[in-house]
Amino acid sequence: IRFLTAGESHGPALTAIVDGLPAGVPVTGEYIDVQLKRRQGGYGRGGRMKIENDRAVLLSGVRGGYTLGSPVCLRIENRDWSNWQKIMDPGPGAILTERVVTRPRPGHADLSGAIKYGHRDMRNVLERSSARETAARVAAGTLARRLLEELGVRVVGMVTAIGKVASAGIEATPEQLEERVAASELYCPDPLAENKMMEAIDSARESGDSLGGVFEIRVFGLPPGIGGYVQWDQRLDGRLAGALMGIQAIKGVEVGLGFAGAAMPGSRVHDDIYYSPEMGFYRESNGAGGIEGGMTNGGTVVVRAAMKPIPTLYKPKQSVDIATKEPFTASVERSDICAVPAACVVGEAAAAWELARAVLEKFGGDTLEEIKQRWSLYLERVGRF
Ligand code: EPS
């Protein structure tokens with residue numbers, strides 16, 4: 001499966017084409033909209049999300065609520081387009097002399113993107129580099145999530161740190177986690193930490209600053225053997241890391257114990273193997289984050305991603321005007337104070353996408369029914385091992 005997205009942040013719409021989904025996957029626009037709404041939410045979001053009301057309009061590849069096997073095309077309208085129509089007009093009548101951006105924001109794509117494409121107006125860069133694009137990515141990833149759900153695989157994301165405030169480690173079933181995340185404005189299942197995180201966001205807002213953080217994705221219900229150890233590009237940990245690093249503002253990814261494991265002796269890092277006739281092979285710890293040798297090991301897959309603070313600051317950093325080469329403070333664009341909860345929803349979609357890709361490589365077929373048959377045959381074989 002593959003997908004591409006298109007669309008400028010203040011253009012008419014975002015679109016995605018998702019190709020290679022099997023036939024027979026139950027899908028509705030409403031199902032996708034639930035995730036789009038979650039992506040728009042989270043404490044710390046800015047003014048743009050008050051304008052938008054993201055909805056996925058399915059244009060192809062789905063009929064009567066089921067995928068057909070043909071490419072799925074979907075569109076998410078930008079409501080803000082009505083305020084930008086003259087400036088962002090694709091036609092020759094566009095006003096190119098207003099809202100020109102010449103003072104690059106440190107940490108954003110502005111300067112390198114302008115140099116790369118030869119743009120003197122960095123609006124031509126920021127319109128596409130903006131994390132607005134992730135709405136289309138969430139829509140595409142949600143199709144993959146729907147497919148995984150049919151196989152009993154659940155993807156749950158949660159915010160585990162905002163700035164210096166970190167949540168306590170949480171052991172819970174997927175249902176409990178989903179419930180606690182849904183009840184939190186920050187998608188953080190630890191209410192004590194959540195309060196402190198909100199305070200941190202409030203004080204960043206007051207001082208014209210922004211905050212990053214960490215989110216964690218847990219994937220339940222994968223059998224051992226998804227991904228592979230035979231070639232580097234089959235390794236699931238590498239693929240998940242790539243998918244998560246591909247999200248705007250993500251600067252680091254870890255699997256299981258991750259960086260903490262590097263400071264611990266092997267005797268404390270690796271998960272002892274046990275066997276019982278009822279449970280088959282099992283572990284009592286999960287330092288590996290559910291991945292050994294680039295493959296799932298049957299445990300919960302646990303990956304975390306670190307998001308840098310948003311580079312658009314209301315108290316802007318030092319920059320240089322690319323027209324005059326004079327020192328100036330960077331442009332101030334409307335922005336979020338903290339978008340880690342939104343990034344967490346994008347992370348769920350990105351992880352779901354990469355996992356569905358790996359699952360289809362192993363069990364792939366043209367119909368969901370075929371895939372389910374292969375999946376259950378394999379589960380039987382795993383059970384007998
Ligand atoms: C975003 C929409 C954008 C930003 C944000 C993400 O809208 P606007 O630029 O019109 O305010 O709010 O993007 C950034 C913070 C960024 O640095 O690119 C969205 O839909 O998530």
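This is a predicted model: local features need pLDDT of at least 70, side-chain atom pairs count only at pLDDT 80 or more; totals for chains, interfaces and linings use all residues.

Student: OK, so is Lys308 buried, exposed or partly exposed?
Tutor: Lys308 counts as partly exposed, because it has 15 C-beta neighbours inside 10 Å. You'll find Lys308 in the loop between strand S15 (301–307) and strand S16 (318–320). Helices (H or I, at least four residues) and strands (E, at least two) are DSSP runs, numbered from the N terminus.

Student: What does Lys308 touch?
Tutor: Not counting residues up to four places away in sequence, Lys308 touches Gly107, Gly212, Ala249 and Lys251. Contact here is when two C-beta atoms, placed from the backbone, lie within 7 Å.

Student: Which residues does the UniProt "binding site" annotation cover?
Tutor: The unreviewed UniProt entry lists Arg128, Ser129, Ser130, Gln248, Ala249, Gly293, Lys308, Pro309, Ile310, Pro311, Thr312 and Arg334. Positions are in the numbering used here, feature names are shortened, and such annotations may be inferred rather than shown by experiment. These residues are spread over 207 residues of sequence and also in space, up to 44.2 Å between C-alpha atoms.

Student: And where is Arg334?
Tutor: Arg334 is in the loop between strand S17 (327–329) and H11. Arg334 counts as exposed because it has 11 C-beta neighbours inside 10 Å. Beyond its neighbours within four places in sequence, Arg334 is in contact with Gly46, Gly47 and Arg48.

Student: You mentioned H11. How does H11 pack with H1?
Tutor: Helix H1 (residues 29–40) and helix H11 (residues 340–363) pack at an angle of about 145°, with axes 7 Å apart. Axes are lines fitted to C-alpha atoms, for helices over the stretch in contact, and angles run from 0 to 180 degrees between N-to-C directions. H1 brings Gln35, Arg38 and Arg39 to the contact, while H11 brings Ala342, Val345, Val346 and Ala349.

Student: What about the core? Which residues touch the most other members?
Tutor: In the largest nonpolar core, which has 87 residues, those are Ala139, Ile162, Leu244, Val303, Ala343 and Ala351. A nonpolar core is a set of buried Ala, Val, Leu, Ile, Met, Phe, Trp, Tyr and Cys residues joined through C-beta atoms within 7 Å. H11 gives the largest share of this core, 15 residues. A second, separate core of 5 residues includes Val101, Ala114, Met122 and Val125.

Student: What is Leu244 in contact with?
Tutor: Leaving out neighbours within four places in sequence, Leu244 contacts Ile250, Val253, Val303, Ala305, Gly347, Ala350 and Ala351.

Student: Last thing, what's the overall picture?
Tutor: The protein has 12 helices and 17 strands, and 42% of its 385 residues count as buried. Its C-alpha atoms fill a box of roughly 70 × 50 × 40 Å along the principal axes. Among contacts with a separation of 6 or more, 70% are between residues 24 or more positions apart.

Definitions and conventions
Residues are numbered from 1 along each chain as its sequence is written. A residue is buried if 20 or more other C-beta atoms lie within 10 Å of its own, exposed if 12 or fewer, and partly exposed in between; C-beta atoms are placed from the backbone.
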